[in-house]
Amino acid sequence: MAKRIFLFILTNILVLITIGVVLSLLGVGSYVNAAGGIDLISLLIFSAVVGFTGSFISLLMSKWMAKMMMGVKVLKPDQSLSVYERNLVDRVHRLSRVAGITKMPEVGVYQSREVNAFATGPSKNNSLVAVSTGLLEEMDDAAVEGVLAHEVAHISNGDMVTMTLLQGVVNTFVVFLARIAAWIASRFVREDMAPIVHFIAILIFQLLFSILGSLVVFAYSRHREFHADNGGADLAGKDKMVHALRALKGYTQRVNNEQSSVATLKINGKRGLALFSTHPDLDERIRRLEAK
């Protein structure tokens with residue numbers, strides 16, 4: 001868990017720093033006025049540009065990045081597919097039509113012993129549903145149907161875009177508050193040391209505020225899992241969705257956490273410290289679904 005959290009936060013910080021440096025070199029980040037004070041409006045604009053630029057770049061690249069990182073083999077309907085592959089594509093497309101999606105998602109398979117699946121993409125009409133070979137080998141048809149319905153529900157709900165907007169807001173506040181805190185810290189040192197202290201303090205405060213901001217992102221990730229469970233139940237039937245979640249309980253230890261950047265996209269995640277978990281407890285998910 002610690003490695004996944006560290007990589008998630010480090011990736012986000014590196015994106016923010018890279019964009020911040022580029023914009024500063026272009027003269028966009030001049031929020032310190034001639035008197036040495038902060039122009040809060042300029043800083044807020046700068047923070048929003050940095051925060052949302054990084055989020056939307058990640059969104060636009062999400063499907064391509066997921067394919068590369070996970071080694072997804074896309075199953076194209078117009079190509080020669082095995083009976084099982086054809087059935088998988090047909091299932092996803094059927095559920096997508098029921099969900100009201102007009103352009104069918106790409107369907108793919110990735111080689112992994114983990115029992116998992118994920119959905120990603122920049123929009124409802126430009127999405128990908130990918131499942132692991134472990135899931136296809138271990139689960140029965142009813143459970144697979146529930147998992148696929150859950151992923152299609154993520155697409156139908158527009159969760160990728162919502163997560164991007166949330167991350168953009170969080171990034172904006174991280175950049176904004178980190179620079180204010182860094183400016184305050186630089187006021188307590190000699191004038192010749194102020195620029196160095198200001199720069200170092202930005203990095204430190206951005207790390208701290210990113211950790212706090214990640215709690216918001218993780219909390220929403222847990223919330224959207226409940227929402228997608230309900231959507232999956234509407235698409236495939238509550239019994240199949242509950243059956244899928246019960247089946248996943250036996251495979252919670254068989255989850256690959258190396259690809260930390262797609263952890264929030266998967267249906268199944270390892271449990272850890274609750275505040276830093278991207279997924280709710282499976283027992284709680286089953287309890288809520290059964291009470292629906």
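**Start on the surface**

Select Ile184, Phe188, Val189, Met193, Ile196, Phe199, Ile200, Leu203, Ile204 and Leu208: together they make a nonpolar surface patch with about 930 Å² of accessible area. (Patch members have over 30% relative accessible area and no salt bridge, and nonpolar side chains are joined within 5 Å; a salt bridge puts a Lys or Arg side-chain nitrogen within 4 Å of an Asp or Glu carboxyl oxygen; areas are Shrake-Rupley with a 1.4 Å probe.) This is a predicted model, where local features need pLDDT of at least 70 and side-chain atom pairs pLDDT 80 or more, while totals for chains, interfaces and linings use all residues. Numbering runs from 1 along each chain as its sequence is written, and side-chain values use heavy atoms, without hydrogens or water.

Colour helix H7 (residues 194-236) next, as it gives the most to the patch, six residues. (Helices are DSSP runs of H or I, at least four residues, numbered from the N terminus.) Then zoom in on Phe188, in the loop between helix H6 (159-186) and H7. Buried or exposed? Phe188 is exposed, because its relative accessibility is 72% (buried is under 20%, exposed over 50%, partly exposed in between).

**Now go inside**

The largest nonpolar core has 40 residues, and Leu88, Val131, Leu135, Met139, Leu148 and Leu245 have the most contacts inside it. (A core joins buried Ala, Val, Leu, Ile, Met, Phe, Trp, Tyr and Cys through side-chain atoms within 4.5 Å.) Helix H5 (residues 141-157) supplies the largest share of this core, eight residues. A second, separate core has ten residues, including Leu43 and Phe176.

How values were computed
Buried means under 20% relative accessible area, exposed over 50%, partly exposed in between (1.4 Å probe, protein chains only). Helices (H or I, at least four residues) and strands (E, at least two) are DSSP runs, numbered from the N terminus. Patches are made of residues with over 30% relative accessible area and no salt bridge: like charges are joined within 9 Å, nonpolar side chains (Val, Leu, Ile, Met, Phe, Trp, Tyr) within 5 Å.
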